[in-house]
There are 2 protein chains.
Amino acid sequence: MKKVKYSLSVLGLAIGMAASGVSMSVSAAEPTLSEADFEKAQLHYFQRCAGCHGVLRKGATGKNLEPKNMLKKGQKRLEKIIALGTEGGMNNFDDLFTKQEIANLATFIQMKPPVPPEMSLEQMRSHTKEYVALKDYPTKPLHGLNWKNFFVVIERDAGKAAIVDGDTKKIVTHIDTGYAVHVIKGTEHHKKDHAKDVGRFWYTIGRDGKVNKIDLWQKPEKMLVAETKMAYDARDIAVSGDGKYVIAGGYWPAHFVIMDAETLNPLKVVSTRGYNTKGEFINEARVAAIYTAPNESAFIVAVKETGKMLQVDYSDLDNLTITAMESAEFLHDGFFDPSGRYFQIAANASNKMVVVDTKDAKLEMMIDVDSLPHPGPGANWTDKECGPVGATTHLGVGLVSVWGNDPINHPDQAWKLCYEVETDGAGVFIRTHPTSDYVWADQLKHPEPEVQQSVQVFDKKTREIVKTIRVTEEEGKAALHMEFSADGSEVWVSVWNRTDNSNPTGEIVVYDAKTLKEKARIKGLTTPTGKFNVSNRINHKT
Amino acid sequence: MKKVKYSLSVLGLAIGMAASGVSMSVSAAEPTLSEADFEKAQLHYFQRCAGCHGVLRKGATGKNLEPKNMLKKGQKRLEKIIALGTEGGMNNFDDLFTKQEIANLATFIQMKPPVPPEMSLEQMRSHTKEYVALKDYPTKPLHGLNWKNFFVVIERDAGKAAIVDGDTKKIVTHIDTGYAVHVIKGTEHHKKDHAKDVGRFWYTIGRDGKVNKIDLWQKPEKMLVAETKMAYDARDIAVSGDGKYVIAGGYWPAHFVIMDAETLNPLKVVSTRGYNTKGEFINEARVAAIYTAPNESAFIVAVKETGKMLQVDYSDLDNLTITAMESAEFLHDGFFDPSGRYFQIAANASNKMVVVDTKDAKLEMMIDVDSLPHPGPGANWTDKECGPVGATTHLGVGLVSVWGNDPINHPDQAWKLCYEVETDGAGVFIRTHPTSDYVWADQLKHPEPEVQQSVQVFDKKTREIVKTIRVTEEEGKAALHMEFSADGSEVWVSVWNRTDNSNPTGEIVVYDAKTLKEKARIKGLTTPTGKFNVSNRINHKT
């Protein structure tokens, strides 16, 4: 069928389009792949590259990889970048892909990006499954275990979530979840709404858009109770304060979906496509983070590429009220302050922490931090001078930035940098606990194994690093993501078997939170990454 | 460059896509046009077809015209439909296009629809022009005329708006506005917000997305004071209650734009792309109607293809709150009830009138009416039995439907059909005035000239048609759109010179509102259609 561009003269646009990005066709010899190689390169791109660069390759955390830019670099240069990574930017991929796979990826990104299909509510509903009928849900836990100290652990490359008993350090079960679960969230304490059995139900979101519901009261082999799929590519999920709704956000299609939390039946889908802070239309406007506001009947939805923070009122889905707060690109991940009023989120390409006020549904402040902030679960504590503070690690630099976050009682310190702590390497996650004297930061983004395999601990009082802990020394493994036990007495750190990723050779190392000494190693996990302790995640205070 | 589809296996979609509309390529000989013919057909399609069928041809008021359907019909059948129209559906176009143009259009719609470009805020701003500086705006009217009885008249195919003095029936000036102005609105009385000099400034929206600001206090030759462009294709516009913002809605791109009402500088653009009531993604989700809520600091934005009624709070543009009320497809045009609380809008393909409550920002009711309701400016009055009522004409049938619209004092009659009046032909506009005993309805959609050239008048008391008025008998002309003078003593009806559309051979015929007898003919107008009397449009009561 004849392929034509839209004639601009029809729109009265004979002049003035040069500046708007309408490009002419490229006349040089065009890169090409066989259909089979194209499909394989597309799959590799989707799994390893699209997260940072986007399926349409417009760029976000990573650079724009559209053909107009890639053709200029050429095959050889692109192969080198993919193999070895870039300074302060991309990882190396020569340990994950063969030379031929890298060559094909380099060719693939010089070709026009294929556009993935849409997904309708009806398609989502065709994926909804009930593994345990609602009427068969137990009325009390069916095991004798202390489920409030369970850790729900992502086994990323196994497509599983492990349930680990925090008291005995034993793996209760591995649950099939689908490809690369990114986040798992449960019901939480809420100021206005009140969910039944807080902490009992957990919801996973996979990078394949699959949503699973886990019932921690079930017998271990029956904990997976329901499933659906709300996108082809997704990253975050949350549960409403009343426990009635689950919301998940798509990378593609760019939308969020509100589901019935009992059955996972998709009820409502809302597109996040729209305009960025410069007023340019963004087709791939991905939902980066979703949280439930602890004090309001509202979800907070962060749209990465548009820099919009959406406060979504879940009290009336048929007349859905959303406040879109203008902030900065590219929004990524965040956490609430201890009062539950303010949400603090990284706009990582802008080197800012964005703060929104969920009480008034408005942008509160933007705080300048350093290169590519990334707090993960974040950390809140009280500083002797600044009062209540929040903190983030950075993807681009070994630095923890700490800011005041109590505008009511400490207005002079609020939303200003209080101090910074230099670490050995750029990291992804920071964590603490109200009972702990320490703050833990990982260094996952550092290229040298000895740093990537170590986490650093600093003292809340002295603001000084007190210990560097080498969590593993094994080749191809990295240390990341800290989580405290229910009572705050232990810190659990993941050892991710990054290269040997199809075997259960990853582990969790447990440290005494006071002495900082190793207490135990939980083995038999495949690529463990995020961990969620039931009691700690029930509230937002740390 | 190699053109590839997105590989569905990457998304884990090997099965189940057959139902989702992914089609295989067509193997028959493919229709083709020269580049010049393609451009011309594209322009004709854009001007005459896209309004009902969409630029992407997914269909709305008109049918889906995608190649998969059009190729089945074939060249000859398509030419016949375009030339002669369809029963109860499309107009004939053999009087507007040559045989060859019709043949090319028939071929064009069998080819893949080209996708028009996006438009950024920066591009819009490059079109913003100031013809009179703010500091040079007069502080009182610079002419001795009674501007509160001016009629602002659309001269559709001339790309002009005429200002006609209602007292003297003289044309004050013709203002250049760009292609096919669709609607003109001014500031209005508002319950909460208060605009200065209500009724002084008027804003036009062209089908080319051009926005013009008209100052009725200026000397006639200087009345055009500012201009911008907010889309390639647009239909409606409104001014905030405080007179500070102008909002206009795009057909393409599918968005609305809020501008500074003083300078027309575009401030904010919001995409309306999203999901319809069935949960299917709609790329061409066009803004059909925009109104200012008379009692709230809010705009009402109707998105045609998604069936969403948006209530847009204009009190904080940086933290923009929008309530999306689910209703029915395809939303078209509407009007407020006399209290200003309820907005009544046609969902014409659903044969419903949708009512939203702007006080609580929620869907109030959907009323079943007849085929393709279309109220235009609408009509409200008080019926002896039902109390306050609203009414609509229909595009698909010669019928006026009348419903109760006072849920506070007449709850039993509210949002229920009160009665119907059969007319001779399907129409587009209905109108009345508080001082009038009569309601007027046009019959523009009737194929027979003698009906299309006549309007019908019925009595509010007897509910019976009292007069059929043949407004014109000239070939190629049609009668449409009624507007009352400021005091309600006259009714103005347009005579649209539809075929001789490049000459000022259209006119407005003025009738005595009591005797229903012709009083005057205002000549020298090119394709006059909509007319807006300053005083009548300052409030929403009729």
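Here are legends for close-up views of a predicted model.

Local features need pLDDT of at least 70 and side-chain atom pairs count only at pLDDT 80 or more, while totals for chains, interfaces and linings use all residues. Residues are numbered from 1 along each chain as its sequence is written, chains are lettered from A in the order in which they are written, and side-chain values use heavy atoms, with hydrogens and water left out.

**View 1. A:Asp357 and its polar partner A:Arg341.** Let's start in strand β21 (residues 352–357) of chain A, where A:Asp357 lies; strands are DSSP runs of E, at least two residues, and helices are runs of H or I, at least four, numbered from the N terminus. A:Asp357 counts as buried because its relative accessibility is 1% (buried is under 20% relative accessible area, exposed over 50%, partly exposed in between, with a 1.4 Å probe and protein chains only). Its side chain makes a polar contact with that of A:Arg341 at 2.9 Å.

**View 2. Helix α5 of chain A, residues 99–108.** Since 8 of its 10 residues are buried, this helix is largely enclosed by the rest of the structure. Among the buried ones are A:Ile102, A:Leu105 and A:Phe108.

**View 3. The cis peptide bond between B:Trp252 and B:Pro253.** Omega is about -15 degrees here, and B:Pro253 sits in the loop between β10 (245–252) and β11 (255–260) of chain B.

**View 4. B:Thr527, a non-glycine residue with positive phi.** Phi is about 45 degrees in this residue of the loop between β34 (518–525) and β35 (528–533) of chain B. B:Thr527 is buried, with a relative accessible area of 0%.

Note on methods: A polar contact is a pair of N or O atoms within 3.5 Å; within protein, one must be able to donate a hydrogen and the other to accept it, and residues adjacent in sequence count only if both atoms are side-chain atoms.
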